[in-house]
Amino acid sequence: MFDTDCNSSDHHSEVWPSLPPATTEQEMPGIGHLDTPGPPDPATPLELMANNLQMEGPTTDPTSQPWPGPPPQPEIPAPSSHRETWTGKYKFLLSCLGYSVGLGNIWRFPYLCYRNGGGVFLIPYFITLLVMGLPLFLMELSLGQYGAAGPITVWKCCPLLKGIGIAMLIVSSLLSLYYNVIIAWALYYLGSSFQSPLPWSCDAPGNAYLCQNASGIVSASEVFWNEQVLGVTHSSGLGDPGTVQWPLALCLLAAWIIVVFCTLKGIHSSGKMVYFMGTFRYLLILTLIIWGATLDGSLDGVRFYLSLDWSRLWSAQVWSDASSQIFYSLGIGFGGLVSMASHNEFDNNIIRRKTLVLAIGSCCTNFIAGFAIFSVLGHMAWRNQVPVGSVTDSGPGLTFVAYPEALSLLPMSPLWSVLFFLMLFTLGVITSFENIKGITTAILDEFPDPHNWRSKVALLGALCTSFYLLGLLLVTQGGIFWFTLIDKYSTGFGLITVSLFMCLGIAFCYGVNQFCQDIMHMICQCPPWYRYMLGYFKACWAFFTPCLLLTVLICACLDIHRVPLHHGTYEYPTWGTSLSICMGILTCLQVPLWAVVALCRESGTLRNRFQKAIQPLHSWRAAAGRNVAGDVIARRSPSP
């Protein structure tokens, strides 16, 4: 299936695949924009290769240009400092675990599952995991590790697709804008948990009338969420944001300050946090599941969670929500995975069992956490004598209604509440840190500066200050309406489109065979089943994943016109939906816009321009010559 011999003990000799002397440029899809007379001898050791590249000066031989006409645009020189790498072999996996198993699992999955009919939502969810989630997860990790660059610069493998990196940056910025609002909510609940009784429990003063076993009475936790935390009862909709909730604004400020300090500490700070959080989160979720099973009516909630309403499978919204949740569960399309993998050593086994188990385990965490949520929803429905499907609002605040309700029923409830919201806060910080890290890595890789530390501090300060000021709209009394709008359209629509372009670009512009060959160069020593697994991913990248993404994208577009967006009883106006769709389209336009820019930078006919623009830059192949310490072979100066 693949030409690389993975049983060789020295894989560095295969970084530059040997080519027959008679091979023309058109037959060399993986070697474009090279200024060298040809690839080095496969038998040359890595150290000699590095010395040769450093000693040779700029070449003026016209035969070194793969295409006639003016030379290609010179590359931006790489920064002089070495790229930071992971110190431990498990820190990368743990950081991916913290990035993937985060707020998307604990906060987003339950309300999407509740909104889409419970158990039937799990069918499209796991289908999209196998056909779309895992292939895209491996694609991003492989791109970042092979190219040793952020989500923009990594597209030196195919300059025509540079807009994908820009689009990832926009989506990641939108995510960071409102994910820190969730961290602010968790901080607010964390501070409120140091009270006994808990302010959202039935034992709190003034909540007794809310805990009567009478139909139509809302829960104390729901009243606390809507009135005291959000203040949404004082807003009529998008056009009436009201005043800023200053306690939330202070929590948001504290969240951004913590994210800035974590980002300044570098890639090692997330690994340290995940060592503790990796087991702690599962301990808390397991405790809530066991305790929830003892509550009256919990079985009704679990039955709703596992029920199958087959008619819902024909709903475009179910498939659209399931696909978008896969992106959040695995961190696909935001650039964070590319950024984290770029700090790997070149020979890190990216397709190992641990990596794939991590991705599958992240999605299974959603399924497990659902039992904790729905057992409590069943108890709330039993107490209020209403169906489980209508016991509370199915919006983004479901987690901040159901989990606090469960915590208030535990013995020593303040202690459990402190631990849970501390966990939620930490998960949010890890997710936000990796997003900001991806943004800064992308910008600093694209515009290298010898004074890297000062540039990083200045960039971080500007980004986080801007995000905080923009995020103040989301902590107003009507902020939840804007929050839901951004979460539904601006990021979800953009993620699907960006991933579709990425998959098509790698499969048909860069070449799916060449991409698989690159992966085999990295992992090298591999058992035979690796080849069969990579064959499955190859089929997905070339056909199944793009087809599913295109189908989901069409469903999402149809869903926009057929099903108006609601938050509770509030129906969003047309102008609000249109504004959010424009934000999503702005993200998607980056791909064709930067493709036009790449074509304009080349010379010749349109066909020749296209062929040049899909050829990898020399630094893409030079990145494959990194040694295991994370250094990069010195790049040759561009030809005059």
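**Charge over a ring.** I began with Arg-108, whose charged end sits over the ring of Tyr-328 at 3.9 Å from the ring centre. The rule I used asks for NZ of Lys or CZ of Arg within 6 Å of the ring centre and within 35 degrees of the ring normal.

**Ground rules.** I am reading a predicted model, so local features need pLDDT of at least 70 and side-chain atom pairs count only at pLDDT 80 or more, while totals for chains, interfaces and linings use all residues. Residues are numbered from 1 along each chain as its sequence is written, and side-chain values use heavy atoms, with hydrogens and water left out.

**Tyr-179.** Next I looked up what Tyr-179 touches, with contact meaning heavy atoms within 4.5 Å. Beyond its neighbours within four places in sequence, Tyr-179 is in contact with Leu-103, Gly-104, Trp-107, Tyr-328 and Thr-431. Tyr-328 is also the ring under the charged end of Arg-108. Tyr-179 lies in helix α5; helices here are DSSP runs of H or I with at least four residues, strands are runs of E with at least two, and both are numbered from the N terminus.

**Aromatic pairs.** How many aromatic pairs does the whole structure hold? My search found 42. Rings of Phe, Tyr and Trp (its six-membered ring) pair if their centres lie within 6.5 Å; planes under 30 degrees apart are stacked, over 60 edge-to-face, and the rest tilted. I picked Trp-200 and Phe-224, with ring centres 5.4 Å apart and planes at 55 degrees, so this pair is tilted. Trp-200 belongs to the loop between α5 (162–192) and α6 (220–230), while Phe-224 is in helix α6, 24 residues apart, and the pair links distant parts of the chain. Trp-200 is buried at a relative accessible area of 1%, and Phe-224 is buried at 4%.

My other pick was Tyr-403 with Phe-420: their centres are 4.7 Å apart and their planes meet at 40 degrees, so this pair is tilted. Here Tyr-403 of helix α13 (residues 399–408) is joined with Phe-420 of helix α14 (residues 413–446), 17 residues apart. Tyr-403 is buried with a relative accessible area of 1%, and Phe-420 is buried at 1%.

Most residues other than glycine have a negative phi, and most peptide bonds are trans. I found a cis peptide bond from Ser-196 to Pro-197, with omega near 0 degrees. Pro-197 sits in the loop between α5 and α6. Ala-148 has a positive phi of about 50 degrees without being a glycine; it is in the loop between α4 (122–147) and α5 and is buried, at 12% relative accessibility. Met-412 has a positive phi too, near 55 degrees. Met-412 lies in the loop between α13 and α14 and counts as exposed, at 60% relative accessibility.

**Cysteines.** I searched for disulfides (cysteine sulfur atoms within 2.5 Å) and the count came to zero. For Cys-364, the nearest cysteine sulfur is that of Cys-363, 7.1 Å away. Cys-364 is partly exposed, with a relative accessible area of 31%. The sulfur of Cys-557 is 8.8 Å from its closest cysteine sulfur, in Cys-588, which is too far for a bond.

**Whole chain.** Of the contacts with a separation of 6 or more, 85% are between residues 24 or more positions apart.

**Confidence.** pLDDT is the predictor's confidence in each residue, from 0 to 100. Its mean over the protein chain is 77, and 78% of the residues reach 70 or more. pLDDT stays under 50 over residues 1–81 and over residues 627–640. Where pLDDT is low, the predicted coordinates should not be read in detail.

Definitions and conventions
Buried < 20%, exposed > 50% of the residue type's maximum accessible area, 1.4 Å probe, protein only.
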